[in-house]
Amino acid sequence: MPDTKNIARIGMLVAVAFVLSYIESVLPLNLGIPGIKAGLSNIVVVFSIFYFRPLTAFGISIVRIVLSGLAFGGLSGMLYSMAGGILSFIIMLVLKKTQKFSVYGVSVAGGVFHNIGQILVAMAVLQNSMVVYYLPFLLVAGVVAGIITGMLAAILVKRFGDAGV
């Protein structure tokens, strides 16, 4: 049974992720390519993978996606975020468990696979494989966002440690 401190930590991390999603939704990040985001709330997800047990980290990720989708993105945006979020979470968790990847590597892989998941859903929803040509631009954005997210998450992991709670 989770203790009160862990419940409070989880709640605070969900709240921080939600606030970061809000900040990201109002930031004027326009690189001429729609859909590219900084991924600020993924700092919380990457940190959670290193700090909590997998199921807890997954719960934080899913709650973040649902809350942000309902508040800022609508149902279609939530569909894309959910696909990207679940795929990236699985990849990040697998890489972390190998113990061969740093927080940076895990985060970059998460950024890349988030975009791959979104493209796969776009291909299915639009029933058009031509959207795959958009992927190289998203992959570059995923690497850049993953590096930045990884740097910030690494600071948190170093500060709070790999608790496994």
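Residues are called buried under 20% relative accessible area, exposed over 50% and partly exposed in between, with a 1.4 Å probe and protein chains only. By this criterion Thr149 is buried, at a relative accessible area of 4%. The model is predicted: local features need pLDDT of at least 70, side-chain atom pairs count only at pLDDT 80 or more, and totals for chains, interfaces and linings use all residues. Numbering runs from 1 along each chain as its sequence is written, and side-chain values use heavy atoms, with hydrogens and water left out.

Confidence was examined through pLDDT, the predictor's confidence in each residue, from 0 to 100. The mean for the chain is 89. Of its residues, 92% reach 70 or more. Among the elements, α2 has the highest mean pLDDT, 95. The lowest, 91, belongs to α1.

The chain has five helices and zero strands. Helices (H or I, at least four residues) and strands (E, at least two) are DSSP runs, numbered from the N terminus. The pattern along the sequence is α-α-α-α-α. The C-alpha trace spans about 45 × 35 × 30 Å along its principal axes. The radius of gyration, taken over C-alpha atoms, is compared with a globule rule of 2.2 Å times the number of residues to the power 0.38. For 165 residues, a compact globule would have a value near 15 Å; the chain has 15 Å, which agrees.

Buried residues make up 39% of the 165 residues. The accessible surface comes to about 9,300 Å², and 72% of this belongs to carbon and sulfur atoms. These areas come from the Shrake-Rupley method with a 1.4 Å probe; for residues, only the protein chains shown count as cover. Contacts are heavy atoms within 4.5 Å. Among contacts with a separation of 6 or more, 70% join residues 24 or more positions apart.

Helix α2 covers residues 42–51. Nine of its ten residues are buried. They are Ile43, Val44, Val45, Val46, Phe47, Ser48, Ile49, Phe50 and Tyr51. Their cover includes α1 (4–26), α3 (54–98), α4 (103–126) and α5 (135–160).

Nonpolar cores were examined next. Such a core is a set of buried Ala, Val, Leu, Ile, Met, Phe, Trp, Tyr and Cys residues joined through side-chain atoms within 4.5 Å. The largest has 26 residues, of which Ile49, Phe50 and Val103 touch the most other members. Each of α1, α2, α3, α4 and α5 supplies at least two residues of this core. Helix α2 gives the most, with eight residues. A second, separate core has five residues, including Ile36, Ile119, Leu135 and Leu138.

Asn42 lies in α2. This residue is partly exposed, with a relative accessible area of 23%. Beyond neighbours within four places in sequence, Asn42 is in contact with Arg64 and Thr149. Asn42 and Gly110 are 68 residues apart in sequence, yet their C-alpha atoms are 8.7 Å apart in space.

Thr149 belongs to α5. With residues up to four places away in sequence not counted, Thr149 touches Ala38, Gly39, Asn42, Ile43, Val46 and Ser107.

Gly39 also figures in the surroundings of Glu24, a residue of α1. Glu24 counts as buried, at 15% relative accessibility. A polar atom of the Glu24 side chain lies 2.9 Å from the backbone nitrogen of Gly39. Leaving aside neighbours within four places in sequence, Glu24 is in contact with Lys37, Ala38, Gly39, Leu40 and Ser41.

Leu67 is found in α3. At 36% relative accessibility, Leu67 counts as partly exposed. Val14 and Phe18 touch Leu67, residues up to four places away in sequence not being counted.

Backbone angles were considered last. Most residues other than glycine have a negative phi. Gln99, not a glycine, has a positive phi of about 60°. Gln99 lies in the loop between α3 and α4 and counts as exposed, at 72% relative accessibility. Gln127 also has a positive phi, near 50°. The loop between α4 and α5 holds Gln127. At 74% relative accessibility, Gln127 counts as exposed.

Technical notes:
Polar contact = N/O pair within 3.5 Å; in protein donor to acceptor, adjacent residues only side chain to side chain.
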